[in-house]
Amino acid sequence: MTVSNNPLWLYDTTLRDGAQREGISLSLTDKLTIARRLDQLGIPFIEGGWPGANPKDVQFFWQLQEEPLEQAEIVAFCSTRRPHKAVETDKMLQAILSAGTRWVTIFGKSWDLHVLEGLQTSLAENLAMISDTIAYLRSQGRRVIYDAEHWFDGYRANPDYALATLATAQQAGAEWLVMCDTNGGTLPGQISEITTKVRQGLGLDGQSEHQPQLGIHAHNDSGTAVANSLLAVEAGATMVQGTINGYGERCGNANLCTLIPNLQLKLHYDCIKPEQLAHLTSTSRLISEMVNLAPDDHAPFVGRSAFAHKGGIHVSAVQRNPFTYEHIAPDLVGNERRIVVSEQAGLSNVLSKAELFGIALDRQDPACRGILETLKDLEQQGYQFEAAEASFELLMRQAMGDRQPLFLVQGFQVHCDLLTPAENPAYRNALATVKVTVNGQNILEVAEGNGPVSALDQALRKALTRFYPQIADFHLTDYKVRILDGGAGTSAKTRVLVESSNGDRRWTTVGVSGNILEASYQAVVEGIEYGLRLLTCGVTYSPAQAEA
């Protein structure tokens, strides 16, 4: 592969193209927060949206005029003028100018099919629309990036016309010509071939600083957006457009969280500073929280499992030399190595996990073998500790004699109403009673909730808060239920994973039972116990789980 030290420009469109993903809705505050985080990450161009398309985007650009970003160029996005309309009177372009950005991205049609059937105008008029729009914006002091929509489809259908659209944008003053695989159907080999032909066809030999540069904007409908972007760069593109976590319409856009490390660590482009690259994982997870989508644990580079090791042989080798099973050092992208415990684990997994927990455990210690046997026995029953490391730490500490009870639940009862009065939205349909012993005192408490697990959790907290006021800061952040043997019908075993947080850290616990309430009770109780030990007993939890 080609290695280059030439500058490569990153262009983030999370706030516009990424926000078009089904299920994402960003508030003005969300957009501003994400823009500033991308600015801190070192992204040179951040596309903020389409001014004039909605009031939120107008306010977004106005806000950034008053409080500019530190280093990034915020970019306004818009289409070419309408067919047979004067560019000077086009309200869309007036809104673009009002946004006050130095850079503007204009998209236009490359595919004759879209010109004739979508715009229902002539091929010549489409070229005039491209030329007029870019020339007008340049006359108003704006710098222009031209996004050639459906470029690769258009080139395959009518290469001469597609090239004419880029040549028109070039002559009108566009500084970047971005080839868009809008439908996401082009494969890597085609991307490389066509990009090379475009450079040759437009005479873009890179010898003059006044020549426009090529960019790539890939969608992921064929699962090749990252590969397409990398090959376009190798063929001469110097701008890569994408989104954080690959968000975008349909199957998404090229994922910058995958592209940036590949470009910087594998192809040796200076995209962002090394200290900024070290914040890539936290940026990915922050933005997933902002858009209210669960992070992809198996995402390359930034996923929680990207540097997780489960097989005993793998763990043993990684302990000797991490590069035996890791293609980069995880800290380069702000991630971390995780040793996963499961029924496939060996002693190396247990010892590595003990080290992360701050537990002194020797391979020759009988407790080590006992932990491993207990682990395998519990997983045979349906427990899953690779996703519930807080429960596994408690299991280890119990085996080591380092788990003195902080409280003892004597029993609980839950009552649920079948009907919820529609006229009272605040009505709670579950009532739980718990009996708990703390320091020799028996406490009986009752609480309501909007479901049996919620009511049980609330009752337990009420009973314990007088002894452990820190519990007031605990809350459940996730609750997952899985039926382990569906063929058993209502007698099936259920596994419950509960994620808890104290506002600073998160941890996950597990419960298994043929009774979903009992499984939930196990996970909730261990979640509270672990949170208390974290604060009062010096428990050192795995960094992979202790995420702000």
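Let's start with Arg102 and Glu73, whose side chains meet in a salt bridge at 2.1 Å, N to O. By salt bridge I mean a side-chain nitrogen of Lys or Arg within 4 Å of a carboxyl oxygen of Asp or Glu. Arg102 sits in the loop between helix H3 (91–98) and strand S4 (103–109), and Glu73 is in strand S3 (residues 73–79), so the pair ties together parts that are 29 residues apart in sequence. Helices (H or I, at least four residues) and strands (E, at least two) are DSSP runs, numbered from the N terminus.

Residues are numbered from 1 along each chain as its sequence is written, and side-chain values use heavy atoms, with hydrogens and water left out.

Back to that pair: are its two ends buried or exposed? Arg102 counts as partly exposed because its relative accessibility is 46%, whereas Glu73, at 19%, counts as buried. The cut-offs are under 20% relative accessible area for buried, over 50% for exposed, and partly exposed in between, with a 1.4 Å probe and protein chains only.

Next one: Glu149 and Lys109, with side chains meeting in a salt bridge at 2.8 Å, N to O. Glu149 is in strand S5 and Lys109 in strand S4, 40 residues apart, so this pair links distant parts of the chain. Both Glu149 and Lys109 are buried, and for Glu149 the relative accessibility is 16%. S5 itself covers residues 143–149. What does Glu149 touch, leaving aside neighbours within four places in sequence? Phe107, Gly108, Lys109, Ser110, Trp111, Cys180 and Thr182, with contact meaning heavy atoms within 4.5 Å.

Lys462 lies in helix H17 (residues 452–465) and Glu445 in strand S13 (residues 441–449), so parts 17 residues apart in sequence are tied together. Lys462 is partly exposed, with a relative accessible area of 43%, and Glu445 is buried at 15%. There's also a network: Arg403, Glu526, Glu529 and Arg533 are joined by salt bridges that share partners.

Now helix H1, residues 28–41. At 1.5 Å a residue, its 14 residues should span 20 Å, and the end C-alpha atoms are 20 Å apart, which agrees; the expected span is 1.5 Å times one less than the number of residues. Its buried residues include Leu32, Ile34, Ala35 and Leu38, but also Asp30, Lys31, Arg37 and Asp39. Among the elements covering them are strand S1 (9–12), strand S2 (45–49) and helix H2 (55–66). Just after H1, Gly42 takes a positive phi of about 100 degrees.

Which residues other than glycine have a positive phi? Gln120 is one of them, with phi near 55 degrees, and His268 is another, at about 65 degrees. Gln120 lies in the loop between helix H4 (112–118) and H5 and counts as exposed at 67% relative accessibility. His268 is in the loop between helix H10 (256–266) and H11, and at 39% it counts as partly exposed.

Zooming out, the protein chain has 18 helices and 16 strands. Buried residues make up 53% of its 548 residues. Of the contacts with a separation of 6 or more, 67% are between residues 24 or more positions apart.

Finally, confidence. pLDDT is the predictor's confidence in each residue, from 0 to 100, and the chain's mean is 87, with 89% of residues reaching 70 or more. Over residues 1–5 the pLDDT is below 50, and beyond near neighbours in sequence that stretch has ten contacts in the model. Residues 538–548 also stay under 50, and there the model has 43 contacts beyond four places in sequence. Where pLDDT is low, the predicted coordinates should not be read in detail. That's it from me.

Definitions and conventions
This is a predicted model: local features need pLDDT of at least 70, side-chain atom pairs count only at pLDDT 80 or more; totals for chains, interfaces and linings use all residues.
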